[in-house]
Amino acid sequence: MSDFEPKIVAFFCNWCTYTAADLAGTSRMKYAPNIRVIRVMCSGRVDPQFVLEAFAKGADGVLIGGCHPGDCHYQRGNYKARRRILMLQRVLEEFGIEKERLRLEWISASEGDKVRKVANDMTEQIARLGPLRRGDEHG
Amino acid sequence: MSEEIRVGVYVCHCGSNIAGIIDVKSVAEEASKYPNVVVSREYKYMCSDPGQALIQEDIKQHNLNRIVVASCSPLLHEHTFRNATEKGGVNPFLFQMVNLREHDSWVHEDKEKATKKAIALVRAAVRRVALHSALERKEVPINPDVLIVGGGIAGIHAALTLANAGKLVYLVEKEPTIGGHMAKFDKTFPTLDCAACILTPKMTQVRAHPNIRLWSYSEVAGVDGFVGNFRVKVKRKPRYVDEEACIGCLACIEACIYKEGKFPDEFNMGLSKRKPIYFPFPQAVPQLAVIDPETCIEFKTGKCKKTCVAACDRNAIDFTQKETIEEISVGTIILATGFKAFDASRMPEYGYGTLSNVYTALEIERLVNSSGPTAGEVVLKNGQHPKSVGIIHCVGSRDEKTNKWCSRVCCMYSLKLAHLLREHTGAEIYNFYIDMRAPGKGYEEFYDRLLQEDGTHFIRGRVAEVTDWAMTEEEEGRLVIRVEDTLAGFVRRIPCDMVVLSVGLEPTPDAQDVRRMFNISCSTEGFFLERHPKLAPVNTFTDGIFLAGTCQGPKDIPDTVAQAGAAAAEALALIDRGSIELEPNTAYVVEDKCSGCHTCIALCPYNAISYDEEKKVAQINEALCKGCGTCVAACPSSAIVQRLFEDAEILEEIEGVLL
C-alpha cells in the first residue's frame, strides 16, 4: 500500500484552470505528478460518462477544474458542471465509490498556486483512501 | 474509415526545460511502439524552423496524416504546430499537442515519475489523434469600428492612432473629462516637461477628430458577441447640461447660488472646493459644465432660484436629463481603464488623514502645479513654507501587509517631486527608500542629477512611523520620521515640516466587474491578465480584446503610450485583414439520434439551439455556437457532437492517460 501511486484524471477548462496549471508551470511550482490533465473548453463539457469511464478504466480519482462562479467564459457552464458533479457524487456513493474521489474545484487563471495545492491535497487524500476497487477485481 | 492512420510523434527537449527532467528519448521510443505510429522523434527545439521543417519533411517522406507534438502548452504553440502541419499538406486539425513542459517537467522533480507521466500523456494524444477528422476554419468578418474604454493617456493615444488610420473609434470615459491621472501631474520624469503641455494638445485632438466619438461621463453597461462583432451597451450619465448647446463659457458656474466653492474638488484631490455646477479643470475635454446632483440645491430641495439657468443664454441647463443607453457594434475593444492610487490611510503609522501636513504624491502634484489649488505655492496648513520635507517611498508597494508588487513609477516620481519641491520651497528634502529603481531611458541619469543636487538627501530604510510626538526641542511642532538607516546601521529620527507618501498603483476597485463584463482574466494581484507576458503582452485570452496602460500592471507614461500603440496596431491588424478564423470547435446535432427532448435548448447560453418542429429535432445555429460543449455533455441520447472535442476522442484520451 505504501508505494500506491494514485492515478487522477483531471478535466481542466481551457480558460481558467488549464491556464492556471500553465501558470503553475511557468512559476515552477512543484506538485505531485499524479494528475493527468485533459483539456476541455468548459467544465460544462464534462459528461458524467467521462467520469464513470475514467473510474472504470483505472482512475483512483477524478478532478474537474473550472472557472469560479460568475466567471465562466461561457456564462454559466460551470454551474451546469456543479449540478452534474453533485448528482454524480451521490450516484457514485451508491456504488461504493467515496465521493471524495470526484472533486470539483474553481481555479481561476491567476491561481497557479491553487492548482499545486489541490493536486497535492487530492493525491494525499486518494492515497489515504487507497486504490479504487473495481467490480472485476473482487469477482 | 478506410484511410490508414499514419502518426508522427515529436518530443521536444525545449533545451533542458523538458529534457532536464523528462527522459525524452525513452518517451519517443515508447511512442514508436504504439499502433499507427510511423515516426517518433525527439528534437532540441520543435518550435524552431528546423523543428517545424522536420515535421513537414516527415509528412512527405513517410506519408504521415496525423501529427502529435509533445512540447509546451498548446496555449503557447498550438498555432505554430498546426501551421507546420498544414504547410506539410495535412489538415491542421489532424494534430494534437501534449503539454510536457508547463504540466510536467516544470512542475515535477522526480524524473522517473515525470517521464512516466509524459509517456501516458503522449499515449493519450496518439490514441486521440487517430480519431481526428479534417476540419475547416470558419471565417467571420471584422467590424472595423473600435471601442476604447478609458480616456487616460493610454486610451487617448490608442484612439488617435486608430482614428488617424481611418477607423471609427468610440472612446468611453467614466469621468466628465478625459485626461486621466496624467492630467493631474505637474511635470513628467525624467525630462521634466510639463504634463499638461504634452497631454492637452492630444486631448483637444481627440475632441476635434472626425473619426472619434467621445463619450465622457459614460460607462460600458454590457458586452455581447465575440471578436469581429461585439455589441456594446454604453450608459451615458446625465450631466444636466446639454452637450450640443453648452459652449463652456462658465457663466453658469459664476452665477451659481453658492458664491464660493463648497465641495471637495475631485480634480485637485479635494485640496480645493468647487460648486455643484463645475468644470473639472480649465483644459477639460469636452469643454462642458457638469452638475453634481448630490450637492446641487435644486436636486436636493427643488427650491433653488436656478440662477445658473438664468445666466445661460444658450438654455443649455436641463434638470430633466435622464441617463440614456446607447447601443453600438464594434469589431475590437481596447481596455485602458487605468489604476487606482493606493489609499494611504490603510497604513495608519504614516499618519495620513490624522496628522496635518502629511500628503500623498498625487496631492503634491496638484500643490506644485501652477494651475493647482495654491497656484503652485507649496504651503503648510499654517500658511508657512516647509523648511524640510520627507518623501517616503514604497507606500503600499513591496509590502507583505498591503501590496507585494513594485509599482515601478514611485522611485522616479519621488525623485521628480524631490526636485520640484526643492525648486518651489528651497526646503531640505529627505528621500526614504528601500531600493532605488531607475530602469529607463535617462532615468539613472536623473537619479544621478538628484544625488548631486544640494539639499536633497537619501536615506535607505523603510520608515517605521511618522509621528508628532516630539522628543527634542528641534522636533517640537513638527512631524518626525522614525526610520532605521540601513546603510548607517542605526535608528534615526528626522524632523520634517511636510511628509509626502509615494503611494503605489493598484487595480481599480471595479476591475473585477470589468473583467467579468469583458470575459477576460485578472492576474493574482488583480490587474488584467495579458495572453502572454512576452509574446502577446497586449492581447487577452478573449480574441479581439486588447489591453493598454496600467490596467494591465503598473507602468510609466512612456511604457503606457508604447503599449497603447501596440494595442492599436493589434486591433488594426485584425481590422485590415477584414476577417478572422475561428476555432472550428462548434457543436452539431446528429438528427438520427436526437429524440427531440429539448434538454439542450434551455442549456445553451447563446440561444444557438432551436427546435425544428417539422423534423422534431434540435438544431444548432453554428454561427451563434461558441463551442463550450455544455449541450453535448447534457444530451441524454449522445446526439450532439462537438468538433475537436468529440466524446470518442476524449474517451480515448482518458484511456490513454490511464493505461
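User: Is C67(A) buried or exposed?

Analyst: Please note first that this model is predicted. A residue counts as buried when its relative accessible area is under 20%. C67(A) has a relative accessible area of 4%, so C67(A) is buried.

User: Which residue does a disulfide join to C67(A)?

Analyst: In general, a disulfide is a covalent bond between the sulfur atoms of two cysteines. Here the partner of C67(A) is C16(A), with an S to S distance of 2.4 Å. The pair links distant parts of the chain, 51 residues apart. C16(A) is also buried, at a relative accessible area of 6%.

User: How many disulfides does a search of the whole structure find?

Analyst: Over all chains, the search finds two disulfides. C194(B) and C197(B) form one of them, with their sulfur atoms 2.1 Å apart. The torsion about this S-S bond is about 95°, and therefore the disulfide is right-handed. C194(B) is partly exposed, with a relative accessible area of 22%, whereas C197(B) counts as exposed at 51%.

User: Why is strand 21 of chain B described as largely enclosed by the rest of the structure?

Analyst: In a regular strand, side chains alternate between the two faces of the sheet. Strand 21 of chain B spans residues 388-395, and eight of its eight residues are buried, which means that the strand is largely enclosed.

User: Which strands run parallel to strand 21 of chain B?

Analyst: Strand 22 of chain B pairs with strand 21 in the parallel sense over five bridges. Strand 27 of chain B also runs parallel to strand 21, joined by five bridges; there, I391(B) stands opposite V500(B).

Technical notes: Residues are numbered from 1 along each chain as its sequence is written. Chains are lettered from A and ligands numbered from 1 in the order in which they are written. This is a predicted model: local features need pLDDT of at least 70, side-chain atom pairs count only at pLDDT 80 or more; totals for chains, interfaces and linings use all residues. Side-chain values use heavy atoms; hydrogens and water are left out. Buried means under 20% relative accessible area, exposed over 50%, partly exposed in between (1.4 Å probe, protein chains only). Helices (H or I, at least four residues) and strands (E, at least two) are DSSP runs, numbered from the N terminus. Two strands pair if DSSP finds at least two bridges between them. A disulfide is a pair of cysteine sulfur atoms within 2.5 Å.
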